[in-house]
Amino acid sequence: HLKIDQSFFRHRVVMSYPAYYNYSPVFPNPLLCLADFATYGATELNARLPWNGLGVWLAETAHWMRITFCLDWEIVLLPLVFFAGITVARVILNKLLFHRIPKWCELDEEGTAKFPDSVWKMLLYTITWVWATYLVLFDKEQYFFNLTSHWDKWYPGAPIASAGIYWLYMFELGWYYHQAYSTIYMDAFRKDIVLMMVHHFITIALLFFSFVIRLEKIGLLILFLQDFGDVTIELSKTVVYFKKRGGVHCRKTEIVANICFAVFTLQHIVFRLYWFPIKAIYSTMVVGLVDHPGGPFYIPFNIGLCVLYGMQVYWFKFILRLLFKLLVLGQEIQDARQLDEDEEFGCDESKEKDVATHPAKSKDPSNLRLRKIK
């Protein structure tokens, strides 16, 4: 048995928004949630920091791991089976369909190269998000509205809440194994490849960690909040690739692309910047203190979620930059996810600079005539 300082929990935690403990509305007051973060979350984090020595903290953490970790062959092998199946399915669909559609629709070189990656990710993220949405919103536990349900019947070695959550976890782990593999070996090269690999490994670690210590209900909520953003961004990119067909610019497709990007921006604000901290992090940092004071892994679990949230804030900077280019500068979306120094989210600026500086790279006849004059 661990000797944990329980002095902070001598009195029941009094939340700034007591009703929020029993029922979390669709749009809670973020200021009240922030007050609980500052009061209870910060105090608990400070109490859990290894002030008495890192070695003592590591020993306590190792002891908790021996007590709580439910590691069996299924969590190791089943995601690998899904990883292999997803990879084989992608190879087959690429060969039979996804590589042929750009040719049938006469997409340009960029669309031909990147369309298969985007449509494949959109398909898989749609499956996982619809699956998670059904479990979060329509399950009798109401995980989105009832944050205490994340902690009900929790104890080391508890069974997974439902078969739906269990198989979603196996599929998601296999999917993110594939994501990490395909980012290096299958996808078109990205400027933010290092950041994406960090994102994939943090996601895998959080999925694995939440499963083996039986916090899968919180993990389910996080999947619901995260995957919808990937659906909308991949949809936006897929639509963008159809802007030019057979060398002809399609105005209607450009309008649809702008609408898709507006939906992506709105969901990023609501799902990832608003709901993620006051639903998921609030549950782990505040509600968990009420139901299970002194529970294990408070620091690593919450720090991992905060790092993931920091990435969402970082990416939002580029969304705002693209909005500025679209609304103020009147530029068009070329690829809604390119994170380049001069081509943030794929606007036309860097390409126009490149053509102006190096006319030989353009196939436009006027630039060919300019080359002859020079």
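The structure is a predicted model. Helices α6 and α9 pack against each other, and the count of aromatic pairs comes to 28.

**Helices α6 and α9**

- Helix α6 spans residues 109-138, and helix α9 spans residues 216-240.
- Their axes lie 7 Å apart and meet at an angle of about 150 degrees.
- Angles over 145 degrees count as roughly antiparallel, and α6 and α9 are therefore roughly antiparallel to each other.
- The crossing of α6 and α9 is left-handed.
- Sorted by class, the contact of α6 with α9 has 16 nonpolar, 5 polar and 5 charged residues.

**Aromatic pairs**

- The aromatic pairs number 28.
- Phe-82 and Trp-167 form an edge-to-face pair, with 6.4 Å from centre to centre and 70 degrees between the planes.
- This pair links distant parts of the chain: Phe-82 belongs to helix α4 (residues 73-98) and Trp-167 to helix α7 (residues 163-185), 85 residues apart.
- Phe-82 has 23% relative accessibility and so counts as partly exposed.
- Trp-167, with a relative accessible area of 39%, is also partly exposed.
- A cluster linked by ring pairs consists of Tyr-23, Phe-27, Trp-129, Phe-144, Phe-145, Phe-224, Phe-228, Phe-271, Tyr-274 and Trp-275.

**Charges over rings**

- Phe-144, one of the residues in that cluster, has the charged end of Lys-279 over its ring, 4.1 Å from the ring centre.
- The charged end of Arg-214 sits over the ring of Phe-211, at 5.2 Å from the centre of that ring.

Key: Residues are numbered from 1 along each chain as its sequence is written. This is a predicted model: local features need pLDDT of at least 70, side-chain atom pairs count only at pLDDT 80 or more; totals for chains, interfaces and linings use all residues. Side-chain values use heavy atoms; hydrogens and water are left out. Axes are lines fitted to C-alpha atoms, for helices over the stretch in contact, and angles run from 0 to 180 degrees between N-to-C directions. Helices (H or I, at least four residues) and strands (E, at least two) are DSSP runs, numbered from the N terminus. Angles under 35 degrees count as roughly parallel, over 145 as roughly antiparallel, 65 to 115 as roughly perpendicular and the rest as oblique. A crossing is left-handed if the near helix is turned anticlockwise from the far one by less than a right angle, and right-handed if clockwise. Ala, Val, Leu, Ile, Met, Phe, Trp, Tyr, Cys and Pro count as nonpolar, Asp, Glu, Lys and Arg as charged, and the others, Gly among them, as polar. Rings of Phe, Tyr and Trp (its six-membered ring) pair if their centres lie within 6.5 Å; planes under 30 degrees apart count as stacked, over 60 as edge-to-face and the rest as tilted. Buried means under 20% relative accessible area, exposed over 50%, partly exposed in between (1.4 Å probe, protein chains only). A charge sits over a ring if NZ of Lys or CZ of Arg is within 6 Å of the ring centre and within 35 degrees of the ring normal.
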